[in-house]
Every structure is written in structure tokens, then in C-alpha cells.
Amino acid sequence: MAIFGLDFGTTNSVATIIGRPSPGQPEKTLVLTSKEDFRPHPSVVWYDGAQPIVGRKAKSQLRELGLGVFGDIVRSPKIFLGSPIPINVSGVNRWAVDVVAEILRFLRNDALSRNYPGQSFDHAVFTIPVSMLGRARRELREAALKADLHVHQFVHEPLAALYGHLRGQQDFKARLAQLQDRLALVFDWGGGTLDLTLCKFSGGTLVQVLNLGDVEVGGDRFDLRLVEFVKKRHAEQHPNADWSLLSENAEPRLIQACEGAKIDLSENEEIDIFVKDILAVSGPERDLRVKLTRQELDQVTRDLVHRGLKCISRLLDAAGIPPAAIEFCLATGGMAAVPAIRQGLLEIFGIARLHDPANAATVISEGAAWIAHDGLRLRMAKSLDLLHAGDDHVAFIHAGTELPAEGKQIRNALTMYSVDPRDGIAKFQFSRSKWPGRDFAGDERLTYTTLTLDVDEYARPLHERLEVEVKIDHDLIASVSAQSTLRADYQEVEIHDLEFGLGLDGQSIDEVDEEDSSEEKESLHSRERTDFAQAKAVSLPSGSVRVRSNVSLSQHAWDLVPGEIVRKYQSDHRLTSKQREEAGYYMPCCLCGRNIHFIERDGCERCAERGLSLSTTEAASRKAARRAAAPAALDVAQSI
Amino acid sequence: METLPPESPPPQQSLPPDSLKKVAPPPASLPEYFAAAKISNPRAFLKSFCKGAVSIPSNDDLRAIVESPDIEKCIAPRLVCLLQNIQVASETIRNSLLDLAELLLSHLGHIRQDADSPSLSECRAIASRLLAPGGRKPKKLQPDLFGCFLLLAYHRNWLTPPDAVALLDFAFPVQRTKKSQIVENGPGPEDMVLHTPLKKTQIAPLLVLNRSWTIREAANEKLLRESQSQISELTERVSELSATKADLNSRVESLEADLREKDTRISELRQQLDDLQTAWLHRHDEMKSRIRGFLEGELTRWLQNASEAADADPPYLPVVQQRIRSSLNGIQSQLQWLSSD
């Protein structure tokens, strides 16, 4: 079964296979660009009545720039995947899945029409944007199936681009070895969006460290600016020109002329734009004659270029690394050839570290084909952790775990116990570290989801078994479920934003089709218990909602049971300092009958006589002093 | 050999009529066996002999038996019975009995005790004397003494089994049988000699059977030889065929390996062909699409724009120049690509 690579891009899509030009020669990518113009196929669907038309012919019908729906044309239907509402195309509601299926069917038919022997074009490695979440992935797979295509595996576009770029080099294995623990930046500036992805080659896995996207600076924005500039210049030349009197097809011709001028200016200092009969008038303003220099182009688009390049520093600042830490920057997408952008990248990275390959428009698809050919698999970039009652984290699915291919799934199950069931709810918070490999105490964490489960509030702590299970399917969606055995509550939630990387060493683990064997479950349990012992305390970013977990892996974790109730069940248990503090907090004073909170807040004369607290006068004066120091904060606190 | 006779019953003819009425104790020695009024079961006696219940006779005991006055009437028939069951006895007892028989016959002057083993002709002569002792008036046949001599000669290996049968035939001549009277599965000579009471009425039909057995044996032996010869030939043929089969198997394996190798090679070549075809088709598509894309796309756009600029009023010459220059550069670029590999 030959698997091909498919870059289903925002603006363009293209398939690639791996072939050998002649015996003895190394294999190379064969990119299935359009047979009409040797370019990738535009991701555009035009509904000519009920008849869908895809590709260049559909794009030629566009009158406007941008992404989305334009009359009966849908450009980049991918952006609608995962949306709960249909797309309205010329008054007809169409689901994104169906529109995407038209493009995929077109791509497959185009590939099949070439009659390449031994190629059935029914299984593909699909590239997806980093920002595409689980629901959209699921719908993309559904659309592919409608087009008789099986998604063998998803892979993120920047990872595919990096692998495609490196794999095309003759000494790529040595190069991969050199890049261990190095960082690379994929700078993908295409017609629709700018996507920056900081990637790391870590332990045989290529993982994305941080991603930043900007949909406001795509190549279309440049064309739009240019169109506006040219119109303005024409208006300056002909103050009486009335732009409401546009001739037929004037707008697409002007857009096309500006696109051409933008490309030509990458090689020329100045260019003349001429659009005949742009206005349906008889005066000299009928034809558009504008001279455009590269300097003017730079000026018109300076803010866009600046904004795009600024994304690099934003990304690096967020990652906390200097530009010098980047091993190389891979510039892909059509906009990387724009002189101002290339110059900006050169200034940041220098000529040695800026890689702008000749196949920038197709390198993502080529990378996907190499990934399919080399049998590379996706892996968890970060552990899927569960917050434990001890305020530490237990790795539920480990970083580096190979993710399932089509038709497979991986699963893990744990039995847990509530350390404090008094409120009738067990709280499960799932999270991951912010940075790959950084899960030490104090490292920042990001929360995936929180799941609450009804438990028996009258049961003693650590008594009721809570069965927790995580399954990850081929759409890289994690389904987390929990069940309480006494209360018999069942809750399930999906995680759609798992972070995954690309395994480069071709190692694989066993997957299951349906059910794990009990031995496997047992081994997973024991593994998790080991991790529990090694779990580390972590911190959350400021402003995060903090959940105090009340679940534990061990049925004997009496150290984690709140101090005020542990004596009720374990009279001989030796309290930890925290438990003593908790027990004392809720215990009323033997002198005044109030608990420590009120005694500390309001003072107590009887306790003060024994030197155990402030007197009421002292407490009042301290409160006044605090209020004077931070009146606003105090007000808020009091109101709470 | 299948027709082993039952344990030899004691001779009925010499039993005194009152011996059946009272049960006498079993004989405790060989002289007692011979002196007993009633003859004991010879096989049971020999078995008890072997178990040690009966003492081994000394030479004096043997001599005393021989010197008994009832040699022909009592000793000889009982000795024949013992000798006919001698196969159940141990080697020592066998030797004692054979010594007794030899001593008896020498005592009666039929054989010389210290002489060498008699030849077949001597045996015939002895048998003649035993059957018809010299004198003018022929004496009555002495079958018990003849039996003693026959069994002695047989067990001392003076006679081979066929010789023993021939001696029997000599002693009990019968008329020749027709071939049609040959009975299958007749007794062998050993059975005949050892287990048949030595009476002409019994020996004669057995000898007829033996003759047919001998003929059948000879035919069987001939058949056996032929079969063995055929087996040898067939074995040789099997060996030859096995060798041929092994050669052919080896050849088949070699051909199969060759076939596999060729299949692999065919697969490789087919893959290469597919690769070449794919590469060629792709190259063809690439070339067509590139040229078509250039001609329909950029070149058409440039030339059309140049044409429009030239037709404009007034003509926009810079555009004409630029577009033609771009067209030329584009054509040059495509030509360069075409001239590359």
C-alpha cells in the first residue's frame, strides 16, 4: 500500500509521492502540481449551480481577495472545519466537510488521472496547521473518507516542512544527528496566514515548542494594499476618475496585475502596471497606468512586513530564547520571496541560518510524502498529566508515547480514590507542561480540562474506587472518562488540543484495536505508580484558576486526607504538619469558642491575656493600618 | 511347528491296574522314578528335578538303574518319556539323562560307551540291530530302546533333524504317498521325534506328513530364495530410484531457488519499470504543465498586456518594453530548464 503525502493548505493544496527516477539513483519527491500551470492547486471550490468546480478554474472566478465565502465560491474551506454551523454559499447551506471533500476528491482524481503504476492514491499522510484542533481533524478525516481517501496519519505543517527540507538533503541522517537538542524556526508566510513554529529536535522526536500565527498579514493583504495603492495613484493622476464605473472583470484583472507586479518586483526595481479599460469611461482615466517601484511596494506594505517579522521576536520572547539560539530558520510560503521580508529575515538570522529552499511552495507536501515513505509516527510531545491530591502531577500518557495511526487507539486506565469525599465531588484536572521536557517543580503548566465526578459523600476517605480512563484515537483526540463505583456516576470529556511531535527514529510501540489486555493495564498501572512517586510539584501561571485535587492513586494515602477529618477514621495516624495546621484551623478555641481565623482577624481579649493572640484593640489598629496601605485591595478582600 | 502336542501323557500300557486306586508319593530321585510302581508325569518330574526337589543322580545311581532287571519293560519306556520332555530340564539334568541313555544302550551292547560319535551309517546299523537283532528268528521290535537311541543321537547331535527323521523312516517304512495327499502345515521333524509315541501306527502317518512337509519346505525355500532375489533386485532398484529422487529433489530445490530469485528479480525489474514509468510520466506531465503554465499564464499575460498597452491611446511603451523583456526572460528561463536534465 503506497501512502502519499498531501498538503491540504489554506490557499493551495498539492500531493506528493516518492519515486526513483532511474535504477541506482536516490529516491526523490514527485510533486503532483497542476497539469495546467505547474503550480499547486488552489484550495477553492466554485459552485456553478449544483456543479462543484475546484482549483484554478474556480479561483479564476474570484473577484475579491481574502479567505472564506465569496458568493458561490468558497476559498479555503479548511478554515470552516470544526464549526458547528454550515457555510452559506449563495444561499445554500453547505457543511464544510462536504466542501472540503470536493477539493480532496479533485486532488485524488487529478492524481489518479496520471496513471502512475502501483499508485492507488487512497491512503495519505495529511498535513494540518498547528492550530487545527481535534474536532476539525475529525471532520477532515470524514471529508477524506467521502473522497475515498484514508488519512493514514496527520502531521503538523511546520514539522512536515522541516522534515521535507532536511530529508531532501543527501546527508540528512548526519544532519539530523547534528540537530539533536537544537531549535529551528519554521517561518511559513503564505497567501492566507503567517505561521511561526519553534521546533526542537529532542530525543529522536521533532516537537513544536511554541507556535504563533497571524491571519492579518497573509499575502492577500499585500495584494490588497497594492491594489489600493494603485487605485490611489490612478486617482491622483485622474482626480475625476469615478471608481464606481468599473468595467466588467476590471477588479480581477487589477488584482491579477498587482499580483504579477508584486512578483516582478522581486527581480526588478520598478515595474509599470497597465490595465486596459479599467473604467467604463471614454477619458484618459479609462486605462490604468501606474509606475510602481520596489521602494513604494516596501513602503505600502512596511507595516505588514514589520508586523510579520515582529512575530519572530514575540515568539522568541515568549519562549525566552535569543535569536542566536535558533539553529536555522526555514522560510516557506510564497511571501518569503518578497525582498523586504527576505531582507528582514536575513537581518535576524544571517545568510547561513536562513534556509529558503527553492521548493518552498511544496516542501510541506514533500515532507508529508517522506514521512509516509519513511514510516515516521507521531508522538506525544508532552505528558498528559493528572493533578494529584498531593499537589503534584501524575503522567497519565507519557511524553514520547507513539500516537495511533488510522483505525488504532491507545488507552490507559487508573484506579483512584477520593481523599475528601465530603462535598460529594471528585476533581480531576488534566494538564501538560508549558515546555517540552520542562516538568520540574515550579515550571509552568497549561490545563487541558477539568472533570468533576459525583462520589459518595458519606463514604470514608480513600474508600470508593474511581475508575479513570484516557483513550487517544487516530484523530489525536483524547477521551477522558471517570466513573465512581459506589455513586455510579459517569463523566466523559474530550481533549482536542493534545500536543504531539514527530518521531524521527522510526521506533514503534504496540497499539490496540479495541481493548487493552489486563496485563497491559496492570503494567500501565504499575508504571503510573512509579511516576506517582516521582511526581513533582508545579506552579500555574498567574491568573489561572487553581483546582485543589482531592484524588489519589493510593488507597493508603492518609497523609493527603484533610487534617480535620483524618482522626475520625485513623485514630493512630500521625498527622503531617499540614494536617495539624488544617485540624487546628477548624478546631474552636477552648477559651472563646471561635476558630483561629476569627481570632486572628478580630483579636481576642482572653487569648491575648495568655499571649496567644492580639487583643481586639490591636487587631483593629492593624486592620486600619492595612486598610490605609492598600485600601482598594482591602475593600476587595472584605467584599469577598 | 504350530501343532505342539500336549504334555506327553505317561505311557498307559505299563500301568498296573491297582496303581490307580492309591496315590503314591512323588519320586524323590531318578532311581525312585524308575523303581516306582506307577509311572509319574515325566514333565512334572523334570520340573521338580529342576526346582531341586529331586536330587541329582550320581554315576552309581545311573549304574544301579541300568543294572535293574526290568530294563526293557520298565526302564526304557520311562527313559523315553523323560527324553521326550528333556527340553524342560536343566543342562545338568539333560546330561544325566543322556548319560543314562548312553549307559543303558552300552550296557545292552548296542553302542560302545567310549567310542566317538557314530556316523549316520553307524546309527542306521545300531537302529537295525535294535529293531531286528541278529539271529535266525527275527525278534520283536524294541521301540523303547530304539527311541532311547534315537533321542540320544538327536540330543547328542550325532544326527541332524532330517537324519533323525530318515532313521525313523528307516525304522517304520511306509508306502510312498501321492503328491495330492500332501497336507499343509504338517509337523516338523523335531516335533515328530520328540513328542510322538514311538509306535508304527502313529509314526507312519506322521512320516507321510513329514515327507509332504519336506517337499513344501523345499518349494518354500525355493520361493524364498526367489523372493529374496527379487527383494535384492527391488532393494537395489529402490536405492537407484531413491538416488534419482534425491537428485530430482535437489534439482527441484535448485529450480525453486532459481525461480524465487527470478521472481525477486522480476519484482525488482517490475518495480524499476514502474519507477521509470512513473518518473517518465511525471517528467512528461511536469514538462507539459510547466510549458503550458508558462505559455497560458505568464507569457500570455505579458504579451496580452503588452499588446493592450501598444493598442492604447497613446501607447504605453514602457509597459510594452517591460512585458516583452519579461517574456524574453521567461522564455530564456524555460529554455534553460528544458536544456537541464
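Me: What do I need to know about numbering and the model?
Reply: Residues are numbered from 1 along each chain as its sequence is written, and chains are lettered from A and ligands numbered from 1 in the order in which they are written. This is a predicted model: local features need pLDDT of at least 70, side-chain atom pairs count only at pLDDT 80 or more, and totals for chains, interfaces and linings use all residues.

Me: How far does α10(A) span between its end C-alpha atoms?
Reply: Helix α10 (residues 339–353) of chain A spans only 17 Å, while a straight helix of 15 residues would span 21 Å at 1.5 Å a residue. The expected span is 1.5 Å times one less than the number of residues. Helices are DSSP runs (H or I, at least four residues), as are strands (E, at least two), numbered from the N terminus.

Me: Where is the kink in α10(A) centred?
Reply: On E347(A), with a kink of about 85 degrees. The bend at a residue is the angle between axes fitted to the seven residues ending there and the seven starting there.

Me: Which residues of α10(A) are buried?
Reply: A340(A), I341(A), L345(A) and F349(A). Buried means 20 or more other C-beta atoms, placed from the backbone, within 10 Å of the residue's own.

Me: Switching to chain B. How many helices and strands?
Reply: Chain B has 11 helices and 0 strands. Of its 341 residues, 26% count as buried.

Me: What about contacts in chain B?
Reply: Among those between residues at least 6 apart in sequence, 69% join residues at least 24 apart. Contact means C-beta atoms, placed from the backbone, within 7 Å.

Technical notes. Buried ≥ 20, exposed ≤ 12 C-beta atoms within 10 Å, placed from the backbone. Contact = placed C-beta atoms within 7 Å.
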